[in-house]
Amino acid sequence: MKKLTVELLEWEARLLLESLAELDAKWAKICETSDDPDEVADYGNDLIQLRLTRDALQEQAIAAFGPGVTNFDRTPL
């Protein structure tokens, strides 16, 4: 199995984690609302892989940048 290693700055890690969270919500909604069992199976399988990827990235990002890297709040200060 080939492996890709990527170096990310904090803002890049945050951006990827936020994007993965948004995609997770979108695919989970499809799984919850679709009447097509094939669609649910396809998105469900992809959702499992997405969450595994997100969890691995999140673990490494928190270790490198601290827990604030998972704060996606855009409320003005």
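The protein chain, given here as a predicted model, exposes about 6200 Å², of which carbon and sulfur atoms supply 55%. Of its 77 residues, 22% count as buried.

**Charge**
- The side chains of the protein chain include 8 positive and 16 negative ones, and the centres of these two sets lie 4 Å apart.

**Fold and overall form**
- The secondary structure of the protein chain consists of two helices and zero strands.
- The radius of gyration of the protein chain is 15 Å, whereas a compact globule of 77 residues would have a value near 11 Å.
- Taken along the principal axes, the box filled by the C-alpha atoms of the protein chain is roughly 40 × 40 × 15 Å.
- Among contacts in the protein chain with a separation of 6 or more, 61% are accounted for by residues 24 or more positions apart.

**Aromatic pair**
- One aromatic pair is found when the whole structure is searched.
- The ring centres of Trp-27 and Tyr-43 are 5.8 Å apart with the planes at 65 degrees, so this pair is edge-to-face, given that planes over 60 degrees apart count as such.
- The pair links distant parts of the chain, with Trp-27 in helix α1 (residues 10-33) and Tyr-43 in helix α2 (residues 37-65), 16 residues apart.
- Trp-27 has 17% relative accessibility and therefore counts as buried, the cut-off for which is under 20%.
- Tyr-43, at 26% relative accessibility, counts as partly exposed.

Conventions: Residues numbered from 1 in each chain as written. Predicted model: local features only at pLDDT ≥ 70, side-chain atom pairs only at ≥ 80, totals over all residues. Heavy atoms only, no water. Helix = DSSP H or I, 4+ residues; strand = E, 2+ residues; numbered from the N terminus. Rg over C-alpha atoms; globule rule 2.2 N^0.38 Å. Buried < 20%, exposed > 50% of the residue type's maximum accessible area, 1.4 Å probe, protein only. Contact = heavy atoms within 4.5 Å. Areas by Shrake-Rupley, 256 points an atom, 1.4 Å probe, with all protein chains shown as cover. Lys, Arg positive; Asp, Glu negative; His and termini not counted. Charge placed at Lys NZ, Arg CZ, Asp CG, Glu CD. Phe/Tyr/Trp six-rings, centres within 6.5 Å; stacked < 30°, edge-to-face > 60°.
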